[in-house]
Amino acid sequence: SAAQLPEACPETLRKEMEDKVTNPEKAEEAKLKARYPHLGQKPGGSDFLRKRLQKGQKYFDSGDYNMAKAKMKNKQLPTAAPDKTEVTGDHIPTPQDLPQRKPSLVASKLAG
Amino acid sequence: ADIISTVEFNYSGDLLATGDKGGRVVIFQREQESKSRPHSRGEYNVYSTFQSHEPEFDYLKSLEIEEKINKIRWLPQQNAAHFLLSTNDKTIKLWKISERDKRAEGYNLKDEDGRLRDPFRITALRVPILKPMDLMVEASPRRIFANAHTYHINSISVNSDHETYLSADDLRINLWHLEITDRSFNIVDIKPANMEELTEVITAAGFHPHQCNVFVYSSSKGTIRLCDMRSSALCDRHSKFFEEPEDPSSRSFFSEIISSISDVNFSHSGRYMMTRDYLSVKVWDLNMENRPVETYQVHEYLRSKLCSLYENDCIFDKFECCWNGSDSAIMTGSYNNFFRMFDRNTRRDITLEASRENSKPRAVLKPRKVCTGGKRKKDEISVDSLDFNKKILHTAWHPVENVIAVAATNNLYIFQDKIN
C-alpha cells in the first residue's frame, strides 16, 4: 500500500520513501544500516572476502595456553570438541583436543 | 547420519554417490527390474560405504582442514570397476570401487582360516580353485592429489578427454592428469599482488562437456568467464565474459552478495550453461555474453527478508542447480525443504517438498505454494513460517530418466516419475 506523501517533503526524502515502497531490497538495506550503523563501506568487498579465505584458521598462544593450564588444574579437561565461535585465547587447544594427524593413504576397511 | 554435502549420479545413472560432512562417501545402486519384486524396480540401495577423508590439522599454517566432502565427480566407466574423484577443502582423491564375488580356495601354503601350514607337512601340490562368494564391494584410494591448493577447493570437473580434470579454489584453478599426482598446472590465478585489493573470488568451475579445451568459472560478483586452454598456458585472460547488466539505481548493500554465483553447469548439449545466484537461476547461451537467455525466480519473496537473512548468514548459502537429461528442465533447492523445478519449454514451474512428515513413500508429491502477501490460502505457507534451517543445497538429476536425488540436511530423497 502506497504511503501518503506530504506536500512539504524535500525531494530527496520523497524519493527515499518512494524507493522503500517500490524497492524492497533498499528497504532491507535501510533496516540493516539502522541496526549496524558502522557496517563497512564496501559490502561484499575485501573484508568479507578475506574472512572467507581465512576459514579454518586456529592460532596458538603459549602465554594464553600456560595461563589456561594453570586455571584448569582444578577443573576437568573438556571432552567435547572446541566451540568454533569462541575467541582465540579464551579457549586453548590442548594437545588432547587436537585431532590426530592420520596418514593420507587410507586403506579400505573392506579390503580382504 | 551426517549432513549430506554433495550428490552425484554416474554417467549411466545406475550409481548415485553422496558425500557428507564427516568425510564419508555412500554409493547407492539401482536395483534391476525383476518380475519377483515388481515394486523395487528402480529402487536405489546402499552399494558401498567408505571413509574418503579424515580431519587434518596443518601445523605449519595453523589451519584446521575439514573432512567434509565438497564434491564428488564420477569418471566415465572403462572396465568393470567404477572410479570417482572426491574432494575436501584441500585434497582430491581418486577412488576405485570394485566388486569381488569369487574367492580362491585351496592354497598350498596356508589353511582355509589363513594359518600358515608347516611346509614340511605338505606332501602334495594342489591348484587353488575360484569359488563364488557373497558379493563384496571394495573401495580403495588409487591416487591422492594433494598440496596444490592454498585456498579452499570448491569444484572439481572431469574433462571430456577422460585424462585430465580441473580443481578450483577461491583464487586459483589447477589442471591435473588423472595418472600424475606430483604435478598440476595452474591455469587460472586471480590472486592480486596486494590482498587488500581483493574484490572477487572464484565460486565454481567446470569443463565443457564436449570441447576439451574450454572451461568456465564463476565469481562472487555474478560474472562467468569462459576460457580456452589453446589460447595460452595461463588462462587469466578470458575468451568470453558473461555478465548481466545491472540497473545502478537499484543497487543496494545486498546486490553483490546476492549476485554471487554458487553453481555453474553446462547443459548436456554444450550449447548453454546455467548459473545459480541467491534468488534466481539463469540460463546463458554461450554465444551471448551480455545477458542470460532465461531467468527463473526461485524464491523472490526473500528479497524483502534480506536483512534477517544477512544476520542469520543464510544469505551466504550456496545452492546448486542441475539439468535433466534432455536439458528441457532445471531443478534447484530452496528453504523449508522445498525444491523447485522449471520446464524451459512450457515455462511452468513447480515447488515440491522433501519431507517424511508431509508425504508417504510412493505417494504422489503435492505441489507447495508460498504465500507472499495478502490472505493466505489453505495449504499455502507464509514466508515467515519457512524453516531456514531446512535447506536443500544439493540436488541431482538422473542423466537419462526422470529420477531425482534431493539432499535435505542429513536425509537423501529419491523421487521418480509416476509409474503407470
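Buried area, as I use it here, is the accessible area, with a 1.4 Å probe, that two parts lose on being put together, summed over both. Keep in mind that this is a predicted model.

Start with the interface. Chain B and chain A bury about 4200 Å² between them. Carbon and sulfur atoms give 57% of that. Three residues, B:Glu64, B:Phe253 and B:Cys307, supply 15% of the area that chain B buries against chain A, more than any other three.

Now the residue counts. Chain B puts 57 residues into the contact, and chain A puts in 39.

Next, polar pairs. There are 15 residue pairs in polar contact across the interface, both partners at pLDDT 80 or more. On chain B's side, strand 10 gives the largest share, seven residues. That side divides into 24 nonpolar, 15 polar and 18 charged residues.

Salt bridges across the interface: five. One example is A:Lys55 with B:Glu66, closest N and O atoms 3.4 Å apart. There is also a network of salt bridges that links A:Glu25, B:Glu300 and B:Arg303.

Over all chains, the salt bridge count is 38. Take B:Arg271 and B:Asp285, with N and O at 2.8 Å. B:Arg271 lies in the loop between strands 19 and 20 of chain B, and B:Asp285 in strand 21, so the pair ties together parts 14 residues apart in sequence. B:Arg271 is partly exposed, at 41% relative accessible area. B:Asp285 is buried, at 8%.

Then B:Asp277 and B:Lys282, a salt bridge at 3.8 Å. B:Asp277 is buried at 8%. B:Lys282 is buried at 16%.

Definitions and conventions:
Residues are numbered from 1 along each chain as its sequence is written. Chains are lettered from A and ligands numbered from 1 in the order in which they are written. This is a predicted model: local features need pLDDT of at least 70, side-chain atom pairs count only at pLDDT 80 or more; totals for chains, interfaces and linings use all residues. Side-chain values use heavy atoms; hydrogens and water are left out. Contact means heavy atoms within 4.5 Å. A salt bridge is a side-chain nitrogen of Lys or Arg within 4 Å of a carboxyl oxygen of Asp or Glu. A polar contact is a pair of N or O atoms within 3.5 Å; within protein, one must be able to donate a hydrogen and the other to accept it, and residues adjacent in sequence count only if both atoms are side-chain atoms. Helices (H or I, at least four residues) and strands (E, at least two) are DSSP runs, numbered from the N terminus. Ala, Val, Leu, Ile, Met, Phe, Trp, Tyr, Cys and Pro count as nonpolar, Asp, Glu, Lys and Arg as charged, and the others, Gly among them, as polar. Buried means under 20% relative accessible area, exposed over 50%, partly exposed in between (1.4 Å probe, protein chains only).
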